[in-house]
Amino acid sequence: MGVFGTEGTQNRGALGFACNWGTRSSHHLPPQITVKLMKDNGINKVKLFEAEPWALKALGNSGIQVMVGIPNDLLESLANNVNAAIAWVNQNVSTYISKNGVDIRYVAVGNEAFLKTFNGRFVQATFPAIKNIQAALIKAGLGRQVKVTTPLNADVYQSDSGLPSGGNFRPDIQDQMISIIKFLSQNGGPLTFNIYPFLSLDADPNFPKEFAFFDGSAAPVVDGPISYTNVFDANFDTLISALEKNGFGSMPVIIGEVGWPTDGTANANIKNAQRFNQGLVDRIIKKQGTPKRPAPPEIYMFGLLDEDAKSIEPGAFERHWGIFNFDGSIKYPLNLGGGKPLVGAKGVRYLPKQWCVMSAQANVLDPSLADSMSKACTYADCTCLAPGSSCSGLDTKGNASYAFNMYYQTMDQRKDACQFNGLSVITNIDPSPPQSACKFKIMIDLGKHENKSTSSAVPRSEINSMVVLVSSFIFTIMLSLCI
């Protein structure tokens, strides 16, 4: 997703924004179109979760500053061997700066490595990996130009009092946190934290909904002389309290991820996402900070595009964080300041306007229907069918049609991809329900884009990654359909 930033300028003196560019998709928006999309919307900073060659090459000489990430599964090898860190920096930082003109400013070591759900798996390797990457950057002559950080989840700090002023780091990682903060401070690197008001709301049925938004009407949380009117400010200032308690009250902090999804669960919808992200953009434009940090932090919004191959273990909403749809089209309007609207992607080429749907002659009681849908939703994204989602109101035939079509499109409309035991048929009539948020997609034509330009080759598909962790989701869908 996308991240909005507070520094820098773009065309016509407009404020610069920043974004996360996630790449877990079966059909990537071509990288040159994606970079143009960012520039058209005043995005001059981007965070990549890993050093994707095709994305980095497209960012060369673009005027966009880059934070390039290192996945958690590389932390141990980088921690154990400084030569591995030197090789990584040479391959993924030095080369792209010198040969491709990529303006890399940060290396993000790991991603939420101290998350409680990882059960300490990456705790011991994170700090040594940070030190080795820093040493590798210095060796490469990039110690001043490229800074090290590590994006952390907000669950690394807590408050026993329930108020921001009571903030401190989790006892189980206190020592590691202090070591990392001290080291980053000595080397000019910022801390990076991900804050998600949506997750606070979605995880707790008793959470006051209005407190999740910047313009909410929830009763304020009073903490001494400060009244907090939204959870973002309260969460951020809990972190600042933790830093102050440990002697790092002036430590620079980047918000590495913040945003709101548009589908996959009841709270994830267009209305809520537009409300939250417009509030976020308004704060950035006004250069508004929090009560404890009036100066605004650099903020990376999550995310730029939807990702249909992302893991849905945390929830079906994980594939719908994009401010833009997977193809760069606009989901909802945002005012980017001075009346400047969002601008959609240009030059996207699509597969033919045809869909795979359940045949009018097919019977919803056919014993093969459940298996056919299971197959479709194992290899394609059916998260819009989840309870409370945009397509959850379809009848059984509509659900089957949606599943069949997603598989058909994900498989690039292959002839054999619309063969579901005689239950399906190809149609040229858009089956999307009228006056509904439920849309039957047509995928990007990767072949046309590849034939047009092969300078930045994108992997054809990440379909295999979609198979992971979908069985429980499919079971939920089947129960909701009462098949």
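## Disulfides and helix packing

The link of Cys-356 and Cys-418 is right-handed, with 85° about the S-S bond. The model is a predicted one, in which local features need pLDDT of at least 70 and side-chain atom pairs count only at pLDDT 80 or more, while totals for chains, interfaces and linings use all residues. Residues are numbered from 1 along each chain as its sequence is written, and side-chain values use heavy atoms, with hydrogens and water left out.

A search of the whole structure finds three disulfides, a disulfide being a pair of cysteine sulfur atoms within 2.5 Å. With bonded cysteines counted along the chain, their pattern is 1-5, 2-3, 4-6.

| Disulfide | S to S distance | Angle about S-S bond |
|---|---|---|
| Cys-356 to Cys-418 | 2.1 Å | 85° |
| Cys-377 to Cys-382 | 2.1 Å | -85° |
| Cys-391 to Cys-438 | 2.0 Å | 100° |

Helices (H or I, at least four residues) and strands (E, at least two) are DSSP runs, numbered from the N terminus. Cys-356 and Cys-418 are both buried, that is, under 20% relative accessible area with a 1.4 Å probe, protein chains only.

The link of Cys-377 and Cys-382 is left-handed. Cys-377 counts as buried because its relative accessibility is 4%, and Cys-382 counts as buried because its value is 1%.

The link of Cys-391 and Cys-438 is right-handed. Cys-391 lies in the loop between helix H10 (369-379) and H11, and Cys-438 in the loop between E15 and helix H12 (446-452), so the pair ties together parts 47 residues apart in sequence. Both cysteines of this pair, Cys-391 and Cys-438, are buried.

The axes of helix H4 (residues 82-100) and helix H5 (residues 123-139) come within 8 Å and cross at roughly 55°; axes are lines fitted to C-alpha atoms, for helices over the stretch in contact, and angles run from 0 to 180 degrees between N-to-C directions. The contact (heavy atoms within 4.5 Å) involves residues including Trp-88 and Val-89 of H4 and Ile-133 and Leu-137 of H5.

Note on methods:
Buried < 20%, exposed > 50% of the residue type's maximum accessible area, 1.4 Å probe, protein only.
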